[in-house]
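Visitor: Could you show me the model, and then talk me through how its charged side chains are placed?

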Amino acid sequence: MVTTTHDPRGGGRPRLIVALGGTAPQHADQREFDLVPGVTVIGSGPQADVRLGLETHHAEIRRDERDEYVYINLGGGPPAG
């Protein structure tokens, strides 16, 4: 998955929005996590930026030089959804 802020200066408020619940119904409870510059670590370990009940170091969201954000699954399985 790749997304961008569409701002050549890297502005905006890039964030990960997680809809809690398996199928994410229309009015699902959601949580927002701001992405950190560079690499945002997703997992359950103490060094994770986004702490969810997953593997210790489950995934990363990396910002590249073109201001694109790429989801990298490190947990061994496909992302839920």
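Guide: Glu32 and Arg15 form a salt bridge, with their closest N and O atoms 3.1 Å apart; the term means a side-chain nitrogen of Lys or Arg within 4 Å of a carboxyl oxygen of Asp or Glu. This pair links distant parts of the chain, since Glu32 lies in strand β3 and Arg15 in strand β2, 17 residues apart. The model is a predicted one, in which local features need pLDDT of at least 70 and side-chain atom pairs count only at pLDDT 80 or more, while totals for chains, interfaces and linings use all residues. Residues are numbered from 1 along each chain as its sequence is written, and side-chain values use heavy atoms, leaving out hydrogens and water.

Visitor: How many salt bridges does the structure hold?

Guide: It holds two, and in one of them the side chains of Arg62 and Glu60 meet at 2.6 Å, N to O.

Visitor: Is Glu60 buried or exposed?

Guide: Glu60 is buried, because its relative accessible area is 11%, whereas Arg62 is partly exposed at 36% (buried means under 20% relative accessible area, exposed over 50%, partly exposed in between, with a 1.4 Å probe and protein chains only).

Visitor: Where is Glu60 found?

Guide: Glu60 is found in strand β6, residues 59–63, where a strand is a DSSP run of E with at least two residues, numbered from the N terminus.

Visitor: Back to β2, then: which residues are on its covered face?

Guide: Leu16 and Val18 make up the covered face of β2, while Arg15, Ile17 and Ala19 make up the uncovered one.

Methods. Helices (H or I, at least four residues) and strands (E, at least two) are DSSP runs, numbered from the N terminus.
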